[in-house]
Amino acid sequence: MVIVGDDPASRIYVNNKKKACAECGIYSEEYALPESTTQEELLELIDRLNKKSDISGILVQLPVPEHIDETTIINAINPNKDVDAFHPVNVGKIMVGNFDFVPCTPAGVMELINESGIDVSGKECVVVGRSNIVGKPQAMLLLHKNGTVTICHSRTKDLASHTKNADILVAAVGIPKFITGDMIKPGAVVIDVGINRLENKKLCGDVDFDSAEKIAGAITPVPGGVGPMTIAMLMKNTVRAAVINRTGKQS
Ligand code: NDP
């Protein structure tokens, strides 16, 4: 785990990941670098970690400070150690459906769906949000499971007309309580990816849980729903990376 600067949210995320590694028996190293770290210095560290045989997975906690180019950093990580699945090689593999690593949050959503015995095939799936780390890969994973997928975003006209049609609705918007009960199809599976901190310091999702739970057939809470699954999937990717780096066997 590499963290640059002292963003408090990033610090919490890295601590949680470190704790999860310890609980799973995964050896981890943390590189906490000062805000003033240059891009060259960060690239040198990544190069060293790429070559380090006892390290299977590299995670650079995002966002990095503004003077460092995020894309250059992501592209520098060995795709076989890219446990976040952000490298273009891994993104491309997700597109074709023959992948080793899946971005942790969408993977966690799929695990929740699967473990709940919900069959995606033929279902109307609506993903609200099209970011590279959540919305887009989420849509691809639902498509690979034969869902009929619609991706909505800030330019979508009449959002509710789409969300009301969803058998499976994934909200990844970043606006607190944005999806309300009247935007949901009765009985729908509602998965809330959002993590928003309210003024009273409490966490809440992108779905208005109180109104949505009355309409939905199944719904995930925030906190406690997708968040812990994201970390669990990171552990899974790390074990997968260890196997790939030891055996050289890829999908
Ligand atoms: P981004 O800000 O990168 O993307 C937000 C998306 O929402 C964009 O595609 C944007 O559209 C869309 N959007 C914004 N406003 C609207 C609107 N009014 N109507 C419809 N769509 C809209 O966020 P992320 O994908 O990174 O994260 C989304 C949420 O998930 C955040 O709350 C984040 O904290 C949380 N998150 C949770 C994780 C977990 O472990 N549970 C992990 C990662 C993120 P456009 O592209 O047009 O701008």
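Residues are numbered from 1 along each chain as its sequence is written. In this predicted model, local features need pLDDT of at least 70, side-chain atom pairs count only at pLDDT 80 or more, and totals for chains, interfaces and linings use all residues.

**Exercise 1. State how confident the predictor is in the protein and in its elements.**

Step 1. The average pLDDT (the predictor's confidence in each residue, from 0 to 100) is 96 for the protein, and 100% of the residues score at least 70.
Step 2. Elements are DSSP runs numbered from the N terminus: helices are H or I of at least four residues, strands E of at least two. The protein has nine helices and nine strands.

**Exercise 2. Describe the extent and burial of the protein.**

Step 1. Along the principal axes, the C-alpha atoms fill a box of roughly 50 × 45 × 35 Å.
Step 2. Buried means under 20% relative accessible area, exposed over 50%, and partly exposed in between, with a 1.4 Å probe and protein chains only. By this cut-off, 43% of the 251 residues count as buried.

**Exercise 3. Locate Cys24 and classify its accessibility.**

Step 1. Cys24 belongs to helix H1 (residues 8-24).
Step 2. The relative accessibility of Cys24 is 49%, so Cys24 counts as partly exposed.
Step 3. Met235 is 211 residues from Cys24 in sequence, and their C-alpha atoms are 7.8 Å apart in space.

Key: Side-chain values use heavy atoms; hydrogens and water are left out.
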